[in-house]
Structure formats: structure tokens, C-alpha cells
Amino acid sequence: MRTLPEEFEVGALIGALADGWGFEVEALDYAAVGGGSYHWVVRDLEGRHGFVTVDDLDVKPWFGDTRASTFEGLKGAFDAAVALRDSGLEFVVAPLLAGGGDTVRRVGPRYAIALFPFVAGQAGEFGRYETAERAAILTMLAELHQATPVAASMARTVDLSLPGRGELESALQALNQTWSGGPFSEPARQTLAPHASEVAELLSLFDRLGADVAQRSGNRVVTHGEPHGGNVMRTDDGYVLIDWDTVALAPAERDLWMLVRDSAGEAAIYTEATGHELDQVAVDFFRLTWALADTAAFTHQLRSPHRHSKDTVWAFEALTYYMTTWDQWEAGGAVNR
């Protein structure tokens, strides 16, 4: 996130690191990166660095609709990442364990904190992959998916529902009313309104594709969930995957749709390593899931009480982008399925 979390004191972060991990903070810097968690780079009294994530338990709908269920889901994801790392998958950047073996701890009623090793390297960019990077990610994903037994008991199972669907449908039904949550509420309504029928049609497509995937894809593997370029770092020792809060058991295409869009050769890398032939219906389903879930999240954020910030500017720009790209589904023939 690009701005500091609301109702959160940095002193609570310092205390949680000391109490939970024995990490005595000497210096900390807010890292305005990513779109789902709050991050700090910290240094202790001995000069060691760490990377801290703080998660808002009110804004992760894929885990549930209560803070308790969200915390348990986050814990399961991080526990799975630790198990994968400990099994020998060195590209998994998993949390460091706190006292008692915890991967994540509560900080007050609303937030949760985890401490990660500091990784020196260069992060990629969302939606862009160099050729070598794309091949490396596909190889990592093949290894990850084949390690499913290691983490299957900890990871949740994707149920093929759409996170935030209720909020999105509520917003679609309220397009004839003024939205007054904050400075971007009315602009968001005016941006969404001309495309309401397209969004409704794509929700129907989502249901059709989801029903097909449920019937066709019986095998579930442990997936990262968001292996886009921004979650890949190039280090001196190779590539690593970060940001493991979306770990879940799902069809392999949940990870692969971002990487196999343009070339059959890319799919062949994965198929050769795993024996799994990609299912185009599942690829389309997870690509659409991403777009609709983002639309739901940004619409809900901008319809709700908010203030002008870098995060709300970014959310409005992202919502506007999605409203201009729905025609790709009709052009690709998926709408008629």
C-alpha cells in the first residue's frame, strides 16, 4: 500500500516485533509498495534487516467476512509457505517464526503482523515478464505444484466463488443513487454506470466458466495465487517468489493464466515438467476471476468512506482501466460460451 494504515500506531509494530520475534528495532522505513499489505523495512540493534508486513483483517475477502476468519486464513497461508520453504523450495520467501512457532500475530483487533527475511534484489513489474524470467517462473510453479502434499493440510481450498461479489452486485443495483463515501465515490459510480450491463454479463460468464471448471478440473494443487512480475524478485542466486498470503489449493491454471497468454511454448515448459495439459476454460476462468475480483474490490473501496490518497487514486485509475478492457472477452469468444 502507498499510504500508512489507519488506526495503527508504529509503536505497536515495534513492540510486536520485540515481543514476538525478539527483534529490537533500531530503525524502520515505510515501504510504499504493493497493493494488499503494508510494509516496512526494519533494522535491529545488530544491523540485521527484516521485512515486515501488516495486514488489515477487514480487507481480505477471500479469507472470510470476519476478522477471526481472515486471521486464520492468513495464518494457514503463511504456515503453508513455511512448510514449502522447509521442504527445500528455496525460492519461497516465507515468514520467520515468532516465539511458539507462530508465522503471524495479531496487533490489536484489526491488524496482523509477520516478519520476513530481507531479500536483496530487484522486484519485477506487474504484467511484464522478460523471456528468461517467464521461463524461470514456470519452472518454479511446476516445482511448487508438485510439492502439494507438503502444504495440503494447511492451505485453504479455492471454492471458485468470486471474492466481493455481494458488494459488487449491491453497487450495480445502486447506480441510480448518489455515492457519497468520499472524493472518488461519485467518479467511480459515473465510471461504472455505462458498463453495468457488461459487468452483469461477465458475472454470468463467470458462473458458466466456473461450473465448467468444477466439472473438468478435479485435481487441485498448491498454488501461489499471484505469481505476477511484481511478486518475483531477481537476486544474485536466482529468482524468488514473495507475497504468499494468497496460497490455496486450486487448479494449476490459477497460477498459470498470467504466464501462458501469448505462446504455446510457454505452456509446453510447464507441461513437460508436470505432465499437466493446460485447460483453456480454466485459464479463462481465472483470468476473469482476477478482473472481476479487482473490480469488486476497487468499487467497494471507492463507494465506502475514504479520503484522497495515493491508494484511492490508484484504485480509481485501476477501476477506470477495467471498464475499458471488457471487450477483450467478446473479442476472444469467451462471452458466448
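Analyst: **Rings and their partners**

Arg 303 lies over the face of Trp 179, 5.4 Å from the ring centre. Arg 106 is placed over the face of Phe 71, also with 5.4 Å to the ring centre. (A charge sits over a ring if NZ of Lys or CZ of Arg is within 6 Å of the ring centre and within 35 degrees of the ring normal.) This is a predicted model, where local features need pLDDT of at least 70 and side-chain atom pairs pLDDT 80 or more, while totals for chains, interfaces and linings use all residues. Residues are numbered from 1 along each chain as its sequence is written, and side-chain values use heavy atoms, leaving out hydrogens and water.

Searching the whole structure gives 12 aromatic pairs (Phe, Tyr or six-membered Trp rings with centres within 6.5 Å; stacked under 30 degrees between planes, edge-to-face over 60, the rest tilted). One of them joins Phe 8 and Trp 40, a tilted pair with 6.0 Å centre to centre and 40 degrees between the planes. Phe 8 is in the segment before α1 (10-21) and Trp 40 in strand β2 (residues 38-44), so this pair ties together parts 32 residues apart in sequence. (Helices, H or I of at least four residues, and strands, E of at least two, are DSSP runs numbered from the N terminus.) Both partners are buried: Phe 8 has a relative accessible area of 11%, and Trp 40 has 3%. (Buried is under 20%, exposed over 50%, partly exposed in between, with a 1.4 Å probe and protein chains only.) Ring pairs also link Phe 8 and Trp 40 with Tyr 30 and Tyr 111 into a cluster.

Next, a pair of helices. The axes of α6 (residues 185-192) and α11 (residues 310-323) come within 10 Å and cross at roughly 10 degrees; the two are therefore roughly parallel (under 35 degrees; over 145 is roughly antiparallel, 65 to 115 roughly perpendicular, the rest oblique). (Axes are lines fitted to C-alpha atoms over the stretch in contact, with angles from 0 to 180 degrees between N-to-C directions.) From α6, Pro 187, Ala 188, Thr 191 and Leu 192 meet Phe 316, Leu 319, Thr 320 and Met 323 of α11 (contact means heavy atoms within 4.5 Å).

Finally, Ala 248 belongs to strand β11 (residues 248-250) and is buried at 0% relative accessibility. Leaving aside residues up to four places away in sequence, Ala 248 touches Ala 155, Arg 156, Val 158, Val 221, Val 222, Thr 223 and Arg 254.
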